[in-house]
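Subject: Structure handover

Hello,

Here is the structure I promised to pass on. Please open it first, then read my notes below.

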Amino acid sequence: MNGSELRLTGLTRVHGTGSAPALADFSLEVPAGACMAILGPSGSGKSTVLRLTAGLDEPTAGSVHLDGADLAGVLPERRGMAMVFQRPLLFPHLSVRDNVAFADRVRGVPRRTARRRAEEFLGLVQLDGFGDRPARALSGGQEQRVALARALAAEPRVLLLDEPFSALDARLREEMHELLADLRMRLDPTILLVTHDHAEAGALADGVAVLDRGRLLQAGPMRELYARPASLAVSRLLGGRTEVAGMVRSGVHRSPLGALALPRKVPDGPAVLVVRHEAVQVTTAADPAADAVGTVVRARRRGMRTLVTVEVPGDGGTAAVDAELEPGQEVPTGRTVGLRLPVEGRWVVPVDGVAVEPVAGAPRA
Amino acid sequence: MPPNRLRPRTRAVLLVLPALVPVVAVVGAALASAALLSLGLAPLVGEPQLSLDAYRGAAGDLGTGIGLSLGIAAAATLVATVVGLCLALAATAAVRRSRLLGALAALTIPIPHLVGAAAIGLLLADAGFLSRLLGVDPSSWPPLVGGPLWVAVVAEYAWKESAFVALVVAGVLSSRAASYGETAALLGAGRWARLRHVTLPLAAPALGATAAVSFVYTLGSYEVAALLGRAHPEPLPVLAYRLFTSIDLAARPQAAAVALTTAGLALVVVLLSLRALRRLAAER
Amino acid sequence: MTAPRAVLAASRAGRTLLAGWLVLPLVPLLLWAFADRWTFPAVLPQEWGTRGAEEALAAGAGGAFLTSTLLGTVVALLATPLGAVAGRALASRQVPGGTAVLAVLLSPLALPPFAVALGLDVLLLRLRIPAAAGVVVLLLVAALPYTVLTMRAAYAAHDRGFEDEARVLGATRWQTVRSVQLPLVAPALAGAAFLAFLVGWSDYIVTVLVGGGQLTTLPLLVASAASATGSDAQVAILSLTSILPPVALLLVVGSLGRRGRR
């Protein structure tokens, strides 16, 4: 199986005249063999992108190109794609094997051949020997594996995944992530993945496009978006927690946290400092390398690690900074601590664009 | 947009039309034709002339027929609803559920009403099966078939419709009542309290709807009253049929008048039931 | 849950009464069907035999059985696809004025069949429409409410995602209908077809009023035998013949439905 290059250009979908577009002017390139994730909250239009790509819905404007060919007017069954939805949607009247053989059968492949190939794909998703079972006799994780095998057996030029793992529990989801990574190594399909979970996008995709209210906010490699979000909205969708409003003058951000030099030149003016909680280091109040000193006001356990919120009093207000502690590190609430904010971890985003909702502890401009 | 794909709304309209056209054509044509005939505008002989003669001519029989038809329908519906509810309760009871009653009710559904009438006739007539079972002589057996109280007619409708009520209400209860009943029992509700506060309110909408359907069906049904009733007075369908098949051509417009009156009556019942059901739904 | 002995006894008596209510009318039918002689006051027939069946055959029961089967089948074959297609459109909520359209489609339920037949009879005669065709059209209209309601409910519960999935996997529109949609709604289709068959099979008044004597169905034979005196055995055997096919169909449809749900 060799994936094709997918190019979406200016895709727009308006459902009724006068209503806000479900998707507005969305463009994205997915190189052959790559996996791109579309990340957004529910209702952001991310499923619309998949439906338009698959041809299940028609764009009000814009185009879908596959290996350079325009797909306008091409019926869904002729696009050479396959889709896995959040619900497994295994045909209940067919056996597991015949579900996987479905794409071959509707293309006229003889039953015997289609079934033999189906067994191969069941093997790929580690479900050898499940072929004879009725589709209703599987567990949730197995159902989604079969759905994946069924999609792969169609040998799609692009594989569309619409939150395929979000109904599974954490352990199964992890297993499916590993399975998908393994399948990518073996089959090299082009994948367009929709998810609301930035961790899933980070685990699976080479690049991500962040979508909100039908608009593309930012696209790029996952690491870059984590480190340099284009806006507060992107920062929040990627799980960013710390937002400190302030003013930039000659490459230095001034706020209740103090004057913090930025790694890159940015234009002067009001700006919000964002720092990933993973990058912040909590040290002692006496640490000479600390960039700020504050009080721990809240601590939440997250598995092995603890996430703390530190309030830093300063000129014109108080800033709240979230930090993830080292495994095993414990800091009680009320303790005064020092914070190291590595220069590489500092980033500022514009104040405008998105209305900055008042964040607890953040100074009001 | 590719030419072979229609807009969803256009497609939906095209899909509805094959069913909608015959219904509109038949119902519309039938009502219009009956109205014209009853108003003297489409006479079989002579000049069309607007008149209420047909309604006037049938007025006496029409009045008696309306009362009689409503009475039969009300009595049959009442018995069918009560018995149907009991059947549904027995068929969905949490303890000692009776699968047999459910199955028997289901098997009663496909029996044609006419066959039901024939069966009730064999059961209730003098020298019928019931009088033999009870050992009552034909001379002292009450006139159930063709008698003044229309007992056999009411019994047939009540018998058939009770099975219908039972199946629909049991369907509603079996899907919802068990869990609610258990919750209520955990909250300390006794057997009667559960019936009164959980089961009956759950069954009420389905019970009301099936009662309305039974009533309207009984009101407009011909064959049972024709077979098991008496010659005079006549319920509306029997009256209309006699007038329509009479050799006197002048009776045809009267038959149409009776038919339209029955249709109007049925429509009023339907609208009243819909209003009552909506109010019932709004109360909760 | 335990119940006092009196409640148990009352409950058992109530159930027996209810079962008797449902079964009792059918008992004389079964006995009379095979009774050659059964005079008052005997509780059981004195002579068993096939006189009723012979009389029924002589009255044309064979032909009437075929006519009724044909009528029911034609009504089912017409009303089921029309109801399925309309039910699907109504379930999709794309029909403008959907509630009004549904009300019109259900209106034959509220209208007395004799009133519709009587009104249309004059018109059919004037338009010279063959009586049999008139009967079929009227019964089709009477059956449509049942098929529309059944299929609308089935399609409302049907997940369109299955069809989207099939299309993306390469199935054409028609392949999707045939290999995904129809198998998924098959139990409902069988139920709808059964109800439509029943409308054609059971009808009496429309056949009498519009059929103009050209169609002799089983209900017509039952009625004529029942209104004559002294033919109780024939009435019984004709009635049983009218009951058995739909009951057998109901059992088949029921088992189909159970298989579909599993």
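Start where two chains meet. Helix α4 (residues 113–124) of chain B and helix α2 (residues 26–33) of chain C have axes that come within 8 Å and cross at roughly 85 degrees. Axes here are lines fitted to C-alpha atoms, for helices over the stretch in contact, with angles from 0 to 180 degrees between N-to-C directions. So α4(B) is roughly perpendicular to α2(C) (65 to 115 degrees; under 35 is roughly parallel, over 145 roughly antiparallel, the rest oblique). Helices and strands are DSSP runs, H or I of at least four residues and E of at least two, numbered from the N terminus.

Ala119(B), Leu122(B) and Leu123(B) meet Leu26(C), Pro28(C), Leu29(C) and Trp32(C) there. Contact means C-beta atoms, placed from the backbone, within 7 Å. Nonpolar covers Ala, Val, Leu, Ile, Met, Phe, Trp, Tyr, Cys and Pro; charged covers Asp, Glu, Lys and Arg; the others, Gly among them, are polar.

A word on conventions. This is a predicted model: local features need pLDDT of at least 70, side-chain atom pairs count only at pLDDT 80 or more, and totals for chains, interfaces and linings use all residues. Residues are numbered from 1 along each chain as its sequence is written, while chains are lettered from A and ligands numbered from 1 in the order in which they are written.

Now the whole interfaces. Between chains B and C, 75 residues from chain B meet 72 residues from chain C. Helix α1 (residues 8–38) of chain B gives the most to its side, with 20 residues. That side of chain B has 61 nonpolar, 10 polar and 4 charged residues. Between chains A and C, 18 residues of chain A are in contact with 15 residues of chain C. On chain A, β6 (81–84) and α3 (102–106) each supply at least two residues. The chain A side has 13 nonpolar, 1 polar and 4 charged residues.

Next, chain C itself. Its secondary structure comes to 12 helices and 2 strands. Its C-alpha trace spans about 70 × 70 × 30 Å along the principal axes. Of its 262 residues, 51% count as buried (20 or more other C-beta atoms within 10 Å; exposed is 12 or fewer, partly exposed in between, with C-beta atoms placed from the backbone).

Which residues have the most contacts inside the largest nonpolar core? They are Val75(C) and Leu138(C), in a core of 173 residues. Such a core is a set of buried Ala, Val, Leu, Ile, Met, Phe, Trp, Tyr and Cys residues joined through C-beta atoms within 7 Å. Not counting residues up to four places away in sequence, Val75(C) touches several residues, including Val136(C), Leu139(C) and Phe197(C).

Phe194(C) sits in helix α9 (residues 173–202) of chain C. Phe194(C) is buried, with 26 other C-beta atoms within 10 Å.

Last, some backbone details. The peptide bond from His232(B) to Pro233(B) is cis, with omega near -5 degrees. The bond from Phe40(C) to Pro41(C) is cis too, with omega near 5 degrees. Arg93(C) is not a glycine, yet its phi is positive, about 60 degrees. Arg93(C) lies in the loop between α4 (61–91) and α5 (98–110) of chain C. Arg93(C) is exposed, with 10 other C-beta atoms within 10 Å.

Best wishes

Key. Contact = placed C-beta atoms within 7 Å.
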